[in-house]
Amino acid sequence: MPANHLTFPAHFLWGSATAAHQTEGNNVNSDWWAREHAPGTSIHEPSGDACDSYHRYGEDIALLADLGFNTYRFSLEWARIEPEQGFVSRAALDHYRRMVAACHQVGLTPMVTLHHFTVPRWFAQRGGWQAPDAADLFARFTEAVLPVLADGVEWVCTINEPNGVAHDAGKANEHLPNHVYGLPDPEVSQTLVLAHRESRAVLSTLTGVKSGWTIATQAFQPEPGCEEIAHTYGYPREDFFLEAARGDDFIGVQAYTRTIIGPDGPKPPREDAEKTLMGWEYYPPAVGDGIRNAWKLTDGVPVIVTENGIATDDDRRRIAYTTGALTAVHQAMTEGIDVQGYLYWSALDNYEWGSFRPTFGLIAVDRQTFARTPKPSAHWLGQVAKSGRLTLDTTRQ
Ligand code: GCO
């Protein structure tokens, strides 16, 4: 069988990612939980116990290490750590310190996200990111979590997908995210940049921390003659946030699919295109578009793919998708782009912002017993991680 290999550098970060609200369960003090249970909510299904990772994180972390990964990205839940404004829960901080310790114990490098979509109810009630002092409150939250990060956390993501947050801010009940974001509110976009910078300033008081933010790259591809339209469409939704990362320690790229831009703007996927459980076009090279755009607009900030993955019931398509994506990552590296890692979204089948149906996970989770079962793709990707070698089977697509 004709086969060849792609080799990745020895210190490449290989792992997978999760977010607190999507996995922990019972995040009852968050704005999302409130929305899920609001009368007449448009949210299809509430998060409930999610994957019960608040209690089962040790099992998740041990499993990921066993599979062969060296990195785990997870988020701290602001709604648990600061349940009322100015009141910091030591117990919640201790919980996250235990997660960091659990990673170190099994040899996983923790990558910690400070804000992954959810905020405490009190923060939402006083205007969320539209409140004049929102950035300061986030900086204070960053200060509050320093004891967790001081335990040897090297990689910190401040705000996850600010381009989605800025779009969502004005539209509290919209289903989030769909990876073609609506037009962000420009003032909220500015506030998020400020929050990111203030948070980074706080983080810089710890030695050895590398911080950045993680952007939904949407691979806007113009039809011939639509380059200007694509630029006007893409700038406030993506490029603005990448430009704001100039000078950061890294930039997180989060890519899933592409968006073709025609004369009238974004087009739905072609009828005959293969689609994932999200309804998105199956398009593995999207991550390459994201990496190139990030590298160009940040003037060469090192890139980490902090999310990339596919929602599918067919695990063979997950392996095919990830093979295609890693090929695109490798290609970008051969062009001279400094890509330092690849984190698959997601470690677990989890709560996909309104539904458990789109299964992104490498690991299946039984919704009744919470039993974890790694899928073949988990073993496959763990092996790629361990060997730093991706085998391309040229007889198959
Ligand atoms: C995002 C978020 C994740 C999603 C994932 C799949 O990138 O939108 O960070 O929380 O679950 O992207 O939609």
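Tyr-57 is buried, with a relative accessible area of 14%, where buried denotes under 20% relative accessible area, exposed over 50% and partly exposed the range in between (1.4 Å probe, protein chains only). The model is predicted, so local features require pLDDT of at least 70 and side-chain atom pairs count only at pLDDT 80 or more, whereas totals for chains, interfaces and linings use all residues. Residues are numbered from 1 along each chain as its sequence is written, and side-chain values use heavy atoms, with hydrogens and water left out.

Tyr-57 is found in helix 3 (residues 53–67); helices (H or I, at least four residues) and strands (E, at least two) are DSSP runs numbered from the N terminus. Not counting residues up to four places away in sequence, Tyr-57 touches His-95, Arg-98, Met-99 and Ala-102, contact being defined by heavy atoms within 4.5 Å. The C-alpha atoms of Tyr-57 and Gly-208 are 25 Å apart, with a sequence separation of 151 residues.

A closed barrel of 8 strands, in the order 2-3-4-5-6-8-11-12, is formed with parallel pairing; two strands pair if DSSP finds at least two bridges between them. Neighbouring strands of this sheet are turned by 25° against each other on average, direction ignored, with axes fitted as lines to C-alpha atoms (for helices over the stretch in contact) and angles running from 0 to 180 degrees between N-to-C directions. Strand 2 (residues 13–17) and strand 3 (residues 71–75) are parallel and share 3 bridges, and Ser-16 has Tyr-72 in strand 3 as its bridge partner. Helix 7 (residues 134–144) packs on the sheet, where it touches strand 4 (109–115) and strand 5 (155–160), its direction making about 150° with that of strand 4.

Strand 5 is largely enclosed by the rest of the structure, because 6 of its 6 residues are buried. Strand 5 pairs with strand 4 in the parallel sense over 4 bridges, Val-112 standing opposite Val-156. A further 4 bridges join strand 5 to strand 6 (residues 210–216), again in parallel, and Asn-160 is partnered by Thr-214 in strand 6.

Helix 13 (residues 315–334) lies across strand 2, strand 8 (251–255), strand 11 (303–308) and strand 12 (339–345), at about 165° to strand 12. Within strand 11, Val-303 is buried at 0% relative accessibility. Val-303 and Ile-251 are 52 residues apart in sequence, yet their C-alpha atoms are 5.0 Å apart. Beyond four places in sequence, the contacts of Val-303 include Ile-251, Val-253, Ile-291, Trp-295 and Val-339.

The largest nonpolar core holds 105 residues, of which Leu-114, Trp-129, Leu-149, Trp-213, Ile-291 and Val-329 touch the most other members; such a core is a set of buried Ala, Val, Leu, Ile, Met, Phe, Trp, Tyr and Cys residues joined through side-chain atoms within 4.5 Å. Helix 13 gives the most to this core, with 8 residues. Apart from it lies another core of 8 residues, including Tyr-256, Ala-311, Trp-345 and Phe-360. Beyond four places in sequence, Trp-129 is in contact with residues including Trp-78, His-115, Phe-123, Phe-138 and Leu-192.
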